[in-house]
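Morning, everyone. Please have the sequence and the 3D view open. I'll walk you through the strands, then the helices and the spaces inside.

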Amino acid sequence: MADPTNASIVEHFRTLEDPRIERTKKHLLLDILVIAVCTLLTGGEGFQDMELFGKSKRAWLQTFLALPHGIPSHDTFGRVFARLNPKRFQECFLAWTQAVAQLTKGALVSLDGKTVRASFDRATASSPLHMLSAWCSEQGGLVLGQIKTEEKSNEITAIPDLLQLLAIKGCIVTIDAMGCQTAIAEQIRHQGGDYLLALKSNHKKAYTAVKQYFHQHIEHQLDWRTAENFFDAFDDSHGRTVRRRVWTMTELAALPALAKWPDLRTVIVVETIRAAHPGAPITSDYRVYIASFIRAATVFVAMIRQHWDIENKLHWSLDVTFNEDRCRIRKDYAPENIVAVRHIALNLLRHEHSHQLSLRQKRLLCGLDEHYLLTVLSRAT
């Protein structure tokens, strides 16, 4: 069993079973995995890029890889990733990420899904791949794990499976409205974590009760607006003026509709007032959140905004920097396994801090400078 304190990919992926029959194992599985990671680190995308990278950097790769029969062909890369057991690949990935970053108490873990749009296959009528990921924004950002779902509507059934794989004791798990389920909240508490969940009209009775009570008894009570219970600030950092007002409620006896939520301690209401530009119509909307812990309103607004790092720093990065939405890898298990390889590459780039560069620039520098590529890769080897 791999040492959980050892952050080496070689160590944690050593137990991954090779799907090839013995007589076809000309190339070592770990060599194939390392070349694949290096290809994605340097700006490559698919199996042909992996072969091209390997042949171009063969002399450099031979300084730390065995390569008993040279560089694998793109067909070999394709066959291996199509047949690798994605469940076992995921287990190795999780073991490695837990060794790379031990989550501290209070760390925010966000769950959200993303569709790889070009992975659908008309020939077989296969739906595009939808992956549910867990993301932690600490230390520059880290993908903690991922799991395949059949489609977005099945995230509810996939969330418990992904949570079961994660070490969330002492962490705060944030999920959007689709994951706001009492069973999921119960599982988070059972695993030693806290929850911060978006409550919307899919729980109509509870949502309506909170909105009515808030508007009638809280919103206009000036004596409620203490430093602990109320936050009010303007933000014009994205070219538009946004005012956020946040109220926290911890006395919940007047809200029996919320009694079924395990260990519920706080209800948070966020009002967002926007003007797209000077003179534009002003719009306002209210959002409701429930939490199993108590914090000041200023802390909750930061956590709620931090949840969307999974969109801005993970999903956006995968689409824009790694071109994921245009990836047409679609055979067997290959799409799912390549998503995991992208996540490995993204984790390595985000945890390299010797150069203050964007992800795109880090990938470019990896392609230009073998020493820097080895610096990034050293976190894995």
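One definition to begin with: two strands pair if DSSP finds at least two bridges between them. Strands are DSSP runs of E, at least two residues long, and helices are runs of H or I, at least four residues long, both numbered from the N terminus.

Now the background. This is a predicted model, in which local features need pLDDT of at least 70, side-chain atom pairs count only at pLDDT 80 or more, and totals for chains, interfaces and linings use all residues. Residues are numbered from 1 along each chain as its sequence is written, and side-chain values use heavy atoms, with hydrogens and water left out.

Start with the sheet. How many strands does the open sheet have, and in what order? There are nine, in the order β3-β2-β1-β4-β5-β9-β8-β7-β6, and the pairing is mixed. At the edges sit β3 (142–149) and β6 (230–235), each pairing on one side only. From one strand to the next, the twist averages 20°. For angles, axes are lines fitted to C-alpha atoms, for helices over the stretch in contact, and the angles run from 0 to 180 degrees between N-to-C directions.

A word on pairing in general. Strands of a sheet pair through backbone hydrogen bonds, either parallel or antiparallel.

Take the β3 end. Strand β2, residues 129–136, runs antiparallel to β3, and seven bridges join them. To find your place, look for His-130: opposite it in β3 stands Thr-149.

Move along to β4, residues 172–175. Ile-172 and Thr-174 point one way, Val-173 and Ile-175 point the other way, and all are buried. Buried means under 20% relative accessible area, exposed means over 50%, and partly exposed is in between, with a 1.4 Å probe and protein chains only. β4 runs parallel to β1, with four bridges. Here Leu-108 stands opposite Ile-172. β4 also runs parallel to β5 (194–199), again with four bridges. In that pair, Val-173 faces Tyr-195.

Stay with Thr-174 for a moment. Its relative accessibility is 2%, so Thr-174 counts as buried. Which residues does Thr-174 touch, leaving out those up to four places away in sequence? They are Leu-108, Val-109, Ser-110, Leu-111, Leu-196 and His-307. Contact here means heavy atoms within 4.5 Å. Thr-174 and Leu-111 are 63 residues apart in sequence, but 6.4 Å apart in space, C-alpha to C-alpha.

Now β8, residues 266–275. Why is β8 said to be largely enclosed by the rest of the structure? Because nine of its ten residues are buried. β7 (241–249) runs antiparallel to β8, over nine bridges. Arg-245 has Glu-271 as its bridge partner in β8. β9 (282–291) is antiparallel to β8 too, with ten bridges. There, Ile-273 is partnered with Ser-284 in β9.

Next, the helices. α12, residues 334–350, lies across β1 (108–116), β2 and β3, and runs at about 25° to β2. Then there is α5, residues 74–83. Its buried residues are Thr-76, Phe-77, Gly-78, Val-80, Phe-81 and Ala-82. They pack against α2 (29–41), α3 (47–56) and α12.

Neither is a glycine, yet phi is positive: about 60° at Asn-323 and about 50° at Asp-332. Asn-323 is partly exposed, at 24% relative accessible area. Asp-332 is exposed, at 55%.

Last stop: the cavities. Rolling a probe the size of a water molecule over the atoms shows where empty space is left. On a 1 Å grid over the protein atoms alone, a cavity is a set of points where a 1.4 Å probe fits but cannot get out, and lining residues have an atom within 4 Å of a point. Points are joined across faces, edges and corners, and a volume is the space filled by probe spheres set on them.

Six cavities are 30 Å³ or more.

Methods: 1 Å grid on protein atoms, 1.4 Å probe; cavity = no way out; pocket = protein on both sides within 12 Å on 5 of 7 lines; lining within 4 Å.
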